[in-house]
Amino acid sequence: MSSAPPAPGRVQQARSVHRLSPRQAGIVVAVVAAAIALLVLLWDWNWFKGPVERIVEARTGRAFQIGGDLDVELGRVTTITADRLRLGNPAWSEQGDMATAQRLAVEVEVWPLLRGKVRLPELRLASPDVRLETHPEGGAGNWDFGFDDEDGGEPLQLRRLWIEDGRLRFDDARNDTGIDIALASREPAEGDAAPPVVLAGSGRWRGAPFKLEGSAESPLELQDAEHPYRLDLRASAGTTHAHARGTLLAPFRLGGMDLQFALSGRNLADLYPLLGVAMPDTPPYA
């Protein structure tokens, strides 16, 4: 047997509990709008500094710190900026940091992220200082983070790299080699081309002091093994001088060379500390 329906008065009373008057509805809308405005005014992207630092540390196994502000400008292409960055070295290194930067600004395309693709139109670095070191016992250098590429995902796409007042150092204690180079990007000849870099520095190569200056294409061009990498470099070590200008098809394998190369010095025997190849004594040559 079905139960008797509630009295009409009770139904009307139950319904009236959930009904808002125009005045009440206006108050609710005003409160929600005020809450949203307050959130916008008080929102601070620095709240995410801690989580970002922990994610990077877990991924790289290195200490990571954002010493300044973290900011995000939302849009179809979102810009993320972070100030005073520090990335630590592995435990075997005697140096505290592998890399620092006064500011990093990176542009990220949002829609490709939804398809699992990372596309960065531009990355800018202000005053980056990177120190690369070989392992003192011959193991992997400090640039080896042990990342596993077996996930088969699409590689990150970076279209433009801009370096302002950069510094790159390379230390190889086993071979008595230490290089310290200042580098910076300059505007490309073509609007769509990656900015090339100009560089100048000095150091030791196998114990022999040397100086280096010149220009080269953007480091991003090294990713394409089929693209000729252009360079124009001058080096000197004592009375030995060298100038190389042209292209390399595979720079790390020294393949596909199309170079104009000039070499001069006081004695070919002076090349032994630089090349490790014994040469006979000669008069000055060019």
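Which residue in β4 does V77 stand opposite? V77 stands opposite E109 in β4.

## Basis of the description

This is a predicted model, in which local features need pLDDT of at least 70, side-chain atom pairs count only at pLDDT 80 or more, and totals for chains, interfaces and linings use all residues. Residues are numbered from 1 along each chain as its sequence is written, and side-chain values use heavy atoms, with hydrogens and water left out.

## Strand pairing

Helices (H or I, at least four residues) and strands (E, at least two) are DSSP runs, numbered from the N terminus. Two strands are said to pair if DSSP finds at least two bridges between them. β3 and strand β4 (residues 97-109) are joined in the antiparallel sense by eleven bridges.

β3 also pairs with β1, again antiparallel, over three bridges; here I66 has L85 of β3 as its bridge partner. Between β2 and β3 there are four bridges, likewise in the antiparallel sense, and E73 stands opposite T79 in β3. These two strands, β2 and β3, form a hairpin with three residues between them.

## Helix α3 and its cover

Helix α3 comprises twelve residues, 49-60, and its first and last C-alpha atoms are 16 Å apart, close to the 16 Å expected at 1.5 Å a residue. The expected span is 1.5 Å times one less than the number of residues. Within α3, K49, E53 and T60 are buried (under 20% relative accessible area; exposed means over 50%, and partly exposed lies in between, with a 1.4 Å probe and protein chains only). These residues lie on the same side of α3 because they cover an arc of only 50 degrees around the axis, the arc being that of the directions from the helix axis to the C-beta atoms.

The face turned away from the buried side of α3 carries the exposed residues R54, I55, A58 and R59. The cover over the buried residues of α3 includes β1 (64-66), β2 (70-73) and β3 (77-88), where contact means heavy atoms within 4.5 Å. Just after α3, G61 adopts a positive phi of about 75 degrees.

## Aromatic pair

The structure holds one aromatic pair. W45 and F48 form this pair, which is tilted, at 5.6 Å centre to centre and with 40 degrees between the planes. Rings of Phe, Tyr and Trp (its six-membered ring) pair if their centres lie within 6.5 Å; planes under 30 degrees apart count as stacked, over 60 as edge-to-face and the rest as tilted.

W45 counts as partly exposed because its relative accessibility is 22%. F48 is also partly exposed, with a relative accessible area of 35%.
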